[in-house]
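Subject: Structure handover

Hi,

Here is the structure I promised to pass on. Please open it alongside this note; my findings follow below.

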Amino acid sequence: MLKLTRRTFLKASAGTTAAAVAAPSMLRAMEADLGGRDIDPVSLIERKSIPTNCHVCNIQDGALAFVENGRVVKLEGNPEHVSTRGRLCAKGNAGMWYSYDPDRILYPLKRVGKRGEGKWKRISWDEAYNEIAARLDDVLTNGHPNEIMLKWGRNRTGGVLERFMHTLGSATILNHTSVCESSKKIGMEPTWGPDIEMPDFANTKYVLNFGSNVLEAAYFHNPFSQRVTEGRVDSNMKIVTFDVRLSNTAGFSDEWIPVYPGTDGAVALALGHVILRENLQDSDFIENWTNVSVQELKDHYKQFTPEWAAKLSGVPVETIERIAREFATTKPATTYTYRGPAKHMYGSYNEKACMMLPIMTGNIEKRGGYCLPRGMGYDQPQPQPPKPATPSYLAHPDEYPLAGHKVSHLVPFWITEGKQKIKVYFSYQDNPVYTNPGADAVWGELFRNEELIPFYVCLSPFMGEEAQLADIILPDVPYLERWEPESMPSSLWPWLAIRQPVIKPLGEGKETRVYLQELIHKLDPDGSRGMKKFWGFKSAEDYLRKQFENIPGLKEAGGLDFLKKHGVWPIYGKLNPRTGKISDKSGREIAAEYGLYRKELSAADMAGAMVDGKGAIHKNGKVIGVQRKGRNYVGFPTHDRLINVRVDQWAEYGFNPMPTFKRMPWHENMKDDEMILTTFKLNVHKQSRTAAVKWLAEISHANPAWLGTETAAKLGIKTGDLIRIESGVGHIVTKALVTEGIHPKVIAVSTAHGHWGYGRLAQLKLKEAAGQYGAADDPDLKNVWWDDKGVHPNHIIPAVADPIGGSQGWYDTVVKVSKAQPGDKYGDMVADWNKHVQWYKEGMRYTYVGDMHRKMHPEMASWAGPDSVKHKATGGH
Amino acid sequence: MSDLFTIPLEIVRQEAVAPAACTAEEYAARAHYYRLLAGAFIEEPGRDYLAALRTPESLEALAELGVTFDNDFIDPTPDELQETLACEYTVLFASSGGFPPVESVRLKGGFQQDPCFAAREFYAKEGFSVGAGRFQVFDDQLGVELQFIAALMDRIVIAMQRGDNQEQRRLEKSVKRFWAQHLGRWVRGYAALVERAASHSFYRETAMLLDAFAAFELELLGLDVTDEDQGRMELPPLAGADEPMRCGA
Ligand code: SF4
């Protein structure tokens with residue numbers, strides 16, 4: 001009989017290892033699955049998986065929601081999504097807590113006390129519609145439609161808000177882009193067409209990263225983080241980061257080069273100087289695909305010496321020289337930028353200076369290079385309301401003719417100055433009282449003034465610093481409860497997707513497209529006003545179906561039904577569990593297409609076309625391509641199909657059409673005890689709506705001010721000390737974090753914290769009220785162990801705008817930092833409207849009609865002045 | 001839900017039923033208490049409900065139980081009172097920063113968590129589903145849970161009248177189980193919280209009645225359930241929570 005002893009057992013086991021390994025295994029560890037399925041660990045029942053689109057932040061990753069017994073219990077990346085590839089970031093994983101937030105607004109609320117007093121009455125939807133319709137009717141009957149304003153923060157409705165405003169005939173549509181990235185867009189659009197680049201991180205050998213913290217935030221954080229990591233691992237790529245702060249991305253880089261705030265553009269120009277001086281440029285590309293010659297470029301760049309840039313930026317001459325050579329001689333290479341260069345008074349110039357590097361080295365549209373974004377569009381259901389006839393000053397202010405993405409953060413000053421009257425104000429997922437420069441001291445001041453804003457309707461599922469000042473709140477729904485079309489150029493493969501409800505709206509929450517239709521029907525019940533015909537949708541799903549029913553390819557695949565099943569289209573391949581990449585049927589990674597500008601025009605395209613002496617192909621009064629060496633290429637999506645190194649439109653307004661750099665005068669003569677205040681985002685937070693999200697709040701809930709070791713020593717400040725940060729408009733009192741990881745002339749405070757009107761977890765009301773909110777079984781809420789909610793810096797940041805791109809100069813604020821003064825308390829936020837007004841006026845002096853414009857542009861002495869140009873509508877969206 | 005607004009208030013005058021086997025009358029009386037309390041919490045109190053409560057007989061009957069409203073409940077016109085209570089209801093129970101009378105929120109920290117689905121399942125087993133009143137409510141909303149017990153007690157009365165002992169016992173067990181799994185776990189602590197946080201005497205007093213009634217019912221049912229709601233903890237009054245933050249100026 002077989003008898004096992006411990007010794008024989010072990011011996012036999014050692015001898016049979018190979019056989020054991022070779023034996024076929026039928027058992028799979030479920031947690032080793034790459035995604036797509038999820039099992040309840042207790043009941044072992046497979047959870048229902050519904051594809052949708054993440055919308056915690058604006059990257060719009062493909063997601064799967066796992067639903068068990070009607071409850072969303074888990075979120076993960078959609079493995080069929082070509083950009084996301086089955087992964088979500090920490091924020092995306094926590095997204096379901098929006099739906100279940102105990103502070104969520106589930107019914108229409110009407111203010112019953114003074115604005116901001118916190119007294120509300122729950123009303124029915126019908127009562128809400130009646131109130132709002134009466135106000136709208138009054139404006140439409142007795143005033144002008146432009147007196148109805150709508151400002152959104154995050155609009156992924158796919159055209160619903162525009163349809164609503166156009167139905168009313170109002171052009172007063174504002175966005176949030178000027179506090180986001182507008183000068184990046186305006187730096188790029190006139191140059192090469194699109195408003196963003198697509199660096200091929202996964203295949204590049206060298207990255208120059210200017211002021212982007214892509215591993216934590218920025219476009220397109222999650223897909224790009226994956227590719228940056230692949231580039232390091234698979235391509236042995238080098239990454240050099242210019243940033244005032246040692247962000248996680250800077251820490252991941254081969255080199256972190258701290259620059260003086262706002263001088264990235266100067267460094268980029270000096271890098272270009274070295275490249276051109278040493279003849280390292282791609283002359284062929286410049287001559288064929290840009291609107292300048294190599295010689296013109298060389299002549300222009302002569303002025304931007306490394307010595308000049310070193311003086312401005314603090315980056316040593318030898319570093320500039322070395323990096324320039326490395327970048328130009330390593331192929332392929334790319335740059336990437338985000339807010340660092342762009343969020344300054346002349347951010348558009350900075351952005352342009354940075355993008356010149358891949359242009360002059362010919363790294364455009366190459367594998368591993370700096371590529372055009374790939375996107376896909378969807379339709380707007382017909383009929384559509386016509387665009388409003390009368391332009392709105394607030395939407396297109398005369399002083400900012402080039403700011404195609406608007407200058408929304410200056411709106412409170414313009415309304416106060418009477419530039420445009422507003423009678424009904426709608427906000428949609430927009431909390432400028434928190435997110436904008438000046439914060440409560442500017443936007444709070446505006447909303448509290450019932451003469452300036454007689455009626456304020458807030459469209460939001462959450463109370464916030466803005467919503468608490470509204471007259472009516474309509475309970476919109478969080479992203480897991482709504483239908484929306486999606487597309488983002490977040491990888492080298494374009495895609496279309498949907499956000500679909502994975503649970504029904506809670507309480508009486510309604511989707512935007514549903515309640516706006518009901519409101520229009522209330523306003524125009526019999527269609528006699530000509531509004532109702534634009535709003536004939538049977539349901540939110542029906543609206544979306546119309547947006548997707550005629551997309552070639554998708555239509556054949558099943559249209560919306562395909563998207564409901566898969567969440568995204570096309571499906572380029574399968575997620576390979578070994579590589580984590582998308583593979584085709586043969587198991588190889590799918591290949592991207594490069595060289596989009598070199599696509600050849602068809603014979604049909606060329607029929608009736610005419611080629612001029614410079615090779616521009618004209619047809620029907622437009623340039624449709626470029627002829628080079630006898631071949632007809634589509635070129636770049638600009639007016640002449642070339643990269644416009646020289647942007648003539650800028651020159652019309654007295655701005656330098658060529659790459660340049662301008663330093664703000666108030667940075668020129670800073671005193672020894674003055675520094676520059678910058679802000680940043682952390683990897684688990686977005687701007688204003690994550691501080692109350694369980695899991696994320698626990699990971700990060702406070703925001704001490706980063707201060708350099710040497711600077712802190714001079715000021716006698718240690719980590720944890722209370723400090724006062726004082727700008728020209730006010731001061732805050734916060735705690736110091738002393739670190740080597742920051743430029744000595746910079747103090748940096750992260751945003752997302754220090755709320756006073758949003759979420760019990762963000763405000764730590766949970767703690768203050770000693771458990772009054774219950775949640776006895778909820779381990780997350782029961783164990784709130786922290787008692788610091790942070791301090792918000794935006795109150796003391798003046799609202800100033802890039803005179804070209806309209807961007808807020810987030811990183812231009814000069815401050816004094818000192819130990820807290822007697823009477824200062826942690827969390828003090830003191831700011832003054834009148835001082836903000838002074839700063840706003842100072843900023844306006846730099847617009848093309850302002851007195852500082854010429855002083856800042858001596859090189860444009862021949863410009864005939866503001867009267868020589870009329871305000872023309874520009875691009876942007 | 002409309003039965004909430006037509007409560008025969010003479011019931012309120014009856015003495016609390018004895019903690020022994022109940023008669024059909026006693027069950028009917030208890031069901032009415034449940035409905036009376038549900039009426040205060042399920043949504044903003046309606047005009048008829050308030051009018052019935054403010055009759056001299058019902059005020060007297062409630063006073064005998066120790067429920068005494070202040071002048072803020074007695075003096076206003078019906079319209080004024082209804083409006084004031086609608087606003088108070090919203091701030092306490094239906095807007096951000098308040099404390100919704102919803103079991104999922106009280107015990108799990110968020111809307112529509114396990115208790116909501118468990119309650120729905122419980123109702124379904126007894127052949128009920130939750131509809132909407134003036135507003136949509138969650139299945140584990142306090143008013144709904146109270147109404148559910150009231151409905152079970154109505155059926156017990158019918159079973160008793162029919163002499164259907166088996167059904168009566170089954171329903172009694174259901175009542176007990178629902179208290180053990182739901183109401184008993186949170187309602188007393190929650191009532192104590194409302195009692196302290198309410199600024200209007202209507203909510204203060206009805207919450208007090210709810211607290212006492214819950215204790216009474218648990219004793220009658222012979223249940224020893226720990227109240228897991230943390231509302232019993234000492235906490236500062238809500239004053240100040242509605243003051244707007246002013247920055248500068
Ligand atoms: S980056 Fe994160 S939060 Fe943003 S869409 Fe992607 S997964 Fe969601």
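How many residue pairs are in polar contact across the interface of domain 2 of chain A and domain 5 of chain A? The rule finds 14, with both residues of each pair at pLDDT 80 or more. Keep in mind that this is a predicted model.

First, the layout. Chain A is divided into five parts:
- domain 1: 30-104 + 487-500 + 537-584
- domain 2: 109-175 + 406-477 + 504-535
- domain 3: 182-370
- domain 4: 601-637
- domain 5: 665-775 + 784-836

Now the interface between domains 2 and 5 of chain A. Their centres, taken over C-alpha atoms, are 30 Å apart. On the domain 2 side, 26 residues are in contact; on the domain 5 side, 29 are. The buried area comes to about 2,000 Å². Carbon and sulfur atoms give 63% of that area. In domain 2, A:Y434, A:P437 and A:E465 lose the most area to domain 5. Together they account for 30% of what that side buries.

The rule also finds 1 salt bridge across this interface. A:E466 and A:R689 meet through their side chains in a salt bridge, at 3.1 Å from N to O.

Which elements of domain 2 give two or more residues to the side that touches domain 5? They are α17 (411-416), α18 (432-435) and α19 (439-448) of chain A. α19(A) gives the most, with 5 residues. By class, the residues on this side divide into 12 nonpolar, 9 polar and 5 charged.

Next, a serine to look at. A:S348 lies in helix α16 (residues 347-360) of chain A. Is A:S348 buried or exposed? A:S348 counts as buried because its relative accessibility is 0%. Its side chain makes a polar contact with the side chain of A:D802, at 2.7 Å. Beyond its neighbours within four places in sequence, A:S348 is in contact with A:S183, A:I186, A:G187, A:W650, A:D802, A:I804 and A:G805.

Last, helix α21 (residues 540-548) of chain A. Its buried residues include A:A540, A:D542, A:Y543, A:L544, A:Q547 and A:F548. What covers the buried residues of α21(A)? The cover includes the helices α6 (160-168), α20 (512-523), α22 (554-557) and α23 (560-566) of chain A. The strands β17 (484-486) and β18 (496-499) of chain A are also part of that cover.

Best wishes

Terms used
Residues are numbered from 1 along each chain as its sequence is written. Chains are lettered from A and ligands numbered from 1 in the order in which they are written. This is a predicted model: local features need pLDDT of at least 70, side-chain atom pairs count only at pLDDT 80 or more; totals for chains, interfaces and linings use all residues. Side-chain values use heavy atoms; hydrogens and water are left out. Domain bounds come from an automatic or database domain assignment. Contact means heavy atoms within 4.5 Å. Buried area is the accessible area (1.4 Å probe) that two parts lose on being put together, summed over both. A salt bridge is a side-chain nitrogen of Lys or Arg within 4 Å of a carboxyl oxygen of Asp or Glu. A polar contact is a pair of N or O atoms within 3.5 Å; within protein, one must be able to donate a hydrogen and the other to accept it, and residues adjacent in sequence count only if both atoms are side-chain atoms. Helices (H or I, at least four residues) and strands (E, at least two) are DSSP runs, numbered from the N terminus. Ala, Val, Leu, Ile, Met, Phe, Trp, Tyr, Cys and Pro count as nonpolar, Asp, Glu, Lys and Arg as charged, and the others, Gly among them, as polar. Buried means under 20% relative accessible area, exposed over 50%, partly exposed in between (1.4 Å probe, protein chains only).
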